[in-house]
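Here's a quick tour for anyone opening this structure for the first time. Have a look at it, then read on.

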Amino acid sequence: MEDLVRDNERLDDLQCKGYYIIQNPDLFCFGMDAVLLADFATGKRKAHAIDLGTGTGVIPILMEAREKAEHFTGLEIQEVSADMARRSVLLNHLEDRIDIITGDICDASKRFGASSFSVITVNPPYMIQEHGLTNQSDAKTIARHEVLCSLEDILRESARILPHHGRFYMVHRPFRMSEILSKMHAAGLEPKRMRFVHPYVDREPTLILIEGLRGGKSGMTIENPLIIYESDGSYTQEMKIRHGF
C-alpha cells in the first residue's frame, strides 16, 4: 500500500467499503461537496459513468462502492492529479471498474464520441475568472476558477456525450443558480431535480445539487434541504447515516 504513496502525499480513509484515496495537501484535496455529489448521483446497472474534472478520483471511487453501474471513468486535465487518481484505483484494486484518463473537458466529445456515457458527474470550478484570480497555473486556482473550462464548456460537452435521457449531475454554488438553470436548459440538459445544502438549519444554503436529463421535458422536483450540522456543531443524523460522518 505504502509503495503507491509518494513524498508529500497522504493516505485518507474514505470510510466506505474499506477504500482509501491518495492526496497531496499542497494541491487541491476533495471536500464535502464531492462526497455529497457522489451520493446524489445514481448509476444504474449497465450504466457507463464519467466524472468530468475528477481530480484525485474520489467521485468515481465513492460511486463504485455504492452504485451498480458497469464502469466508471474519470477525466482530469492535470496529470499530477490524474496520476494520484490512477494510483488510488490500483490501491483499491479497481482497475477493472475505473479508468482515469488525462484530458481536457473541452475536448470530451471529440475524444469519446456522441452518446458515449449514460451518466455524467461534475464538481466544477465554482468561481468565474474574475473572482480573486491570482496564479492561473496553480492547481488550486484551476480547481476553483473557470480558468481551463467554463460552465458553458461543461454543459456543451456533457450534452454531446450523453444519449437521449442520459443523466447529468452537478454540485455548485447557489449564487450562480439562475445562470446554471438557464444554461442547462439551453444546452438541452433539462433540470429535473435539485437539493439545497445548508450548513445549519437557520443558515442560507452554501451548495446546490442538481440533476439534469438530456432531452427531458420541463418540470423539476425540489427535494428537502440537506442540513450538515446540528446547532452544537455535530453532524446531523442524515449525515451520519448516509455518509458515515
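What follows goes from the whole chain to a few of its parts.

This is a predicted model, where local features need pLDDT of at least 70, side-chain atom pairs count only at pLDDT 80 or more, and totals for chains, interfaces and linings use all residues. Residues are numbered from 1 along each chain as its sequence is written, and side-chain values use heavy atoms, with hydrogens and water left out.

Let's start with the big picture. The protein has 8 helices and 11 strands; these are DSSP runs numbered from the N terminus, with helices being H or I of at least four residues and strands E of at least two. Of its 245 residues, 50% are buried (under 20% relative accessible area with a 1.4 Å probe, protein chains only). Take the contacts (heavy atoms within 4.5 Å) between residues at least 6 apart in sequence: 68% of them join residues at least 24 apart.

Now for the helices. In α1 (residues 32-40), 8 of the 9 residues are buried, so this helix is largely enclosed by the rest of the structure. Among those buried residues are Asp33, Leu36 and Phe40.

Further along, α6 (residues 151-161) and α7 (residues 177-187) pack at an angle of about 35 degrees, their axes 9 Å apart. Here axes are lines fitted to C-alpha atoms over the stretch in contact, and angles run from 0 to 180 degrees between N-to-C directions. Who does the touching? From α6 come Leu151, Glu152, Leu155 and Ala159, and from α7 come Glu179, Ile180, Lys183, Met184 and Ala187.

Next, two single residues. Gln23 sits in strand β2 (residues 20-23), while Leu91 belongs to helix α3 (residues 79-91).

| Residue | Relative accessibility | Class |
|---|---|---|
| Gln23 | 1% | buried |
| Leu91 | 10% | buried |

What does the side chain of Gln23 make a polar contact with? Its partner is the side chain of Asp12, at 2.8 Å (a polar contact is a pair of N or O atoms within 3.5 Å, one able to donate a hydrogen and the other to accept it; residues adjacent in sequence count only if both atoms are side-chain atoms). A polar atom of the Gln23 side chain also lies 2.9 Å from the backbone nitrogen of Phe30.

As for Leu91, it is 88 residues from Asp3 in sequence, with 9.5 Å between their C-alpha atoms.
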